[in-house]
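Let's take a friendly walk through a protein model together. Keep the picture open as you read, and try to find each part as it comes up.

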Amino acid sequence: MKSLYLRIYLTLVVILLAFAFGSAWLFQRHIEQERGNFEASANDRLTAMAELIHGALPAASAPREEQAEALQEWGQRLHVAIALLDRQGERVAASEEFLDREVFPGPPTIRVPLEDGRSLLLMRGGFRFGPGARMGPGLGGGGGMGPERPFFKRNEGPPAPWSLPFLGPRPNGQVLLVLLVLLFFGVAVGAYPVVRRLTRRLEGLKSGVEQFGAGQLAHRVDESGKDEVAALASSFNRAATQIESLLRAQQSLLANASHELRSPLARLKMAFAMLDNAGPEQRARLQTEIHTNITELDALVEEVLLASRLDAAARGAEPMAQTPLQVDLMGLAAEEAARTGAEFQPAPGLSELLVHGDERLLRRALRNLLENGKRYGGSEVLLELSRDAAGRAVLRVSDRGPGVPEAMRERIFEAFFRLPGHAEQAGGVGLGLSLVRQIAQRHHGQVRCEARPGGGSVFVFSLPAATSASN
């Protein structure tokens, strides 16, 4: 059985069936016990009544007409179906109610033998008290007519509060069994759409997972509702979004890296093809071109690998290489400014500024910013180091280049993005600023591009300062 909804439904049906039969068996047993108690109690009452009537009847030697008259009188007074048999078992007399009811099959009758050899036959169910019922002498009423009492005839009593018209005033076990069976079928029929709706949502979730696994990365499942199925669908959608983002990023990185590799490889191929027939002077230029392209390829591969590691670390797929150490940005900035020929201006009074992080990555970020400024902003590059009002360490790299349009100041931090007209300028591959942002995020920092007053751009790189910093 492969369908989950069918298994759940059949399980529910079996449980209901067992509950119905169990309840019916217990109820039937209770009814039989109550019926036995009732019959024993009724027989005791009839026996006691027969003994009392015997005391009021004429002697067995009295004429049969006198015995019959007395029996008729007590039968009418008590409204009890009663008959008198002589010693030979022949009927002496019977009350009117006895005669009326004995023609119908099945009235429960008990025979009470008397001391003088006679017997009384009494039918259950015909006895009643009420208007017309009188307690005569010897029957506990003290003589005379007894007090009037309310009585109920058979099938004429007040309906029970819980009774239904088709049940009658006293439902038996078979009727209740029928009711339980009907209730079982009602619940079974009503449970089917509920179970089917629940499993239909699971089937939708299964179909969505299969479509996503087949390559439809944009497919999402219905996550409406507040139950466990909705929570599972929501979790799947979040995981699908992350997987789609990761795959898109990997595909974009692979496509852009392949594109960037083609240009230096093409130049290398051409240089090697011309190298054999080149003269001494041209050979020297070709060797320089080959060295430049190999350096560019090496830098591209290094940046791609670094970007992949940073991306994996950001997603938690790669643990931190080591415990972050304190890095003095003052010394780091001075070294990189001297190496790239940038002007370095620390804030007045600032002699040391410590941050927690990886010195190799922070140096790489600062170097990328300085080389980017030198590459696109001319020779006038200024590096400033300070602490902002929140206590964060701030590095500002300013240039006097053409600047970055405001609409593109976020996009320049995307991988392989270049401003129009800057394609392949001075060996840039479009990964430098993307790495800077990844490094900043890994150190809980941020980087942004601003316009520089008077022309040019300012790249602001900020990091949380170490708490043990002295400045």
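Helix 8 and helix 9 cross in a left-handed way. In this predicted model, their axes come within 9 Å and cross at roughly 145 degrees. On the helix 8 side, the residues that meet the partner are Leu361, Leu362, Arg364, Ala365, Asn368, Leu369 and Asn372. Facing them from helix 9 are Gly432, Leu433, Leu435, Val436, Ile439 and Arg442.

Helix 7 covers residues 329-340 and helix 8 covers residues 359-377. From helix 7, the contact includes Leu332, Ala333 and Glu335, while helix 8 brings residues including Leu366, Arg367 and Leu370. This contact divides into six nonpolar, one polar and eight charged residues.

Here are the two pairs side by side:

| Helix pair | Axis separation | Angle | Residues in the contact |
|---|---|---|---|
| Helix 7 and helix 8 | 10 Å apart | about 35 degrees | six nonpolar, one polar, eight charged |

Now zoom in on one residue of helix 8, Leu361. Is Leu361 buried or exposed? Its relative accessibility is 2%, so Leu361 counts as buried. Setting aside neighbours within four places in sequence, Leu361 is in contact with Leu306, Leu310, Ile439, Arg442 and His443. Leu361 and Leu306 are 55 residues apart in sequence, yet their C-alpha atoms are 9.5 Å apart in space.

Which element gives the largest share of the largest nonpolar core? That core has 41 residues, and those touching the most other members are Leu362, Leu383, Leu395, Ile412 and Phe461. Several elements give two or more residues to this core, among them helix 6 (280-314), strand 8 (381-387), strand 9 (393-399) and strand 11 (457-463). The largest share, six residues, comes from helix 8.

With a relative accessible area of 65%, His444 is exposed. The phi angle of His444 is near 60 degrees, a positive value in a residue other than glycine.

Elsewhere in the chain, strand 2 (residues 91-94) holds Ala93. The relative accessible area of Ala93 is 7%, which is under the 20% cut-off, so Ala93 is buried. Not counting residues up to four places away in sequence, Ala93 touches Ala68, Leu71, Ala83 and Leu84. Ala93 and Glu65 are 28 residues apart in sequence and 8.5 Å apart in space, C-alpha to C-alpha.

Finally, step back to the whole protein chain. It has nine helices and 11 strands. Of its 471 residues, 38% count as buried. The chain exposes about 27600 Å², and carbon and sulfur atoms supply 57% of that area. Among contacts between residues at least 6 apart in sequence, 63% join residues at least 24 apart.

How values were computed
Residues are numbered from 1 along each chain as its sequence is written. This is a predicted model: local features need pLDDT of at least 70, side-chain atom pairs count only at pLDDT 80 or more; totals for chains, interfaces and linings use all residues. Side-chain values use heavy atoms; hydrogens and water are left out. Axes are lines fitted to C-alpha atoms, for helices over the stretch in contact, and angles run from 0 to 180 degrees between N-to-C directions. Helices (H or I, at least four residues) and strands (E, at least two) are DSSP runs, numbered from the N terminus. Contact means heavy atoms within 4.5 Å. Ala, Val, Leu, Ile, Met, Phe, Trp, Tyr, Cys and Pro count as nonpolar, Asp, Glu, Lys and Arg as charged, and the others, Gly among them, as polar. Buried means under 20% relative accessible area, exposed over 50%, partly exposed in between (1.4 Å probe, protein chains only). Accessible areas come from the Shrake-Rupley method with a 1.4 Å probe; for residues, only the protein chains shown count as cover. A nonpolar core is a set of buried Ala, Val, Leu, Ile, Met, Phe, Trp, Tyr and Cys residues joined through side-chain atoms within 4.5 Å. A crossing is left-handed if the near helix is turned anticlockwise from the far one by less than a right angle, and right-handed if clockwise.
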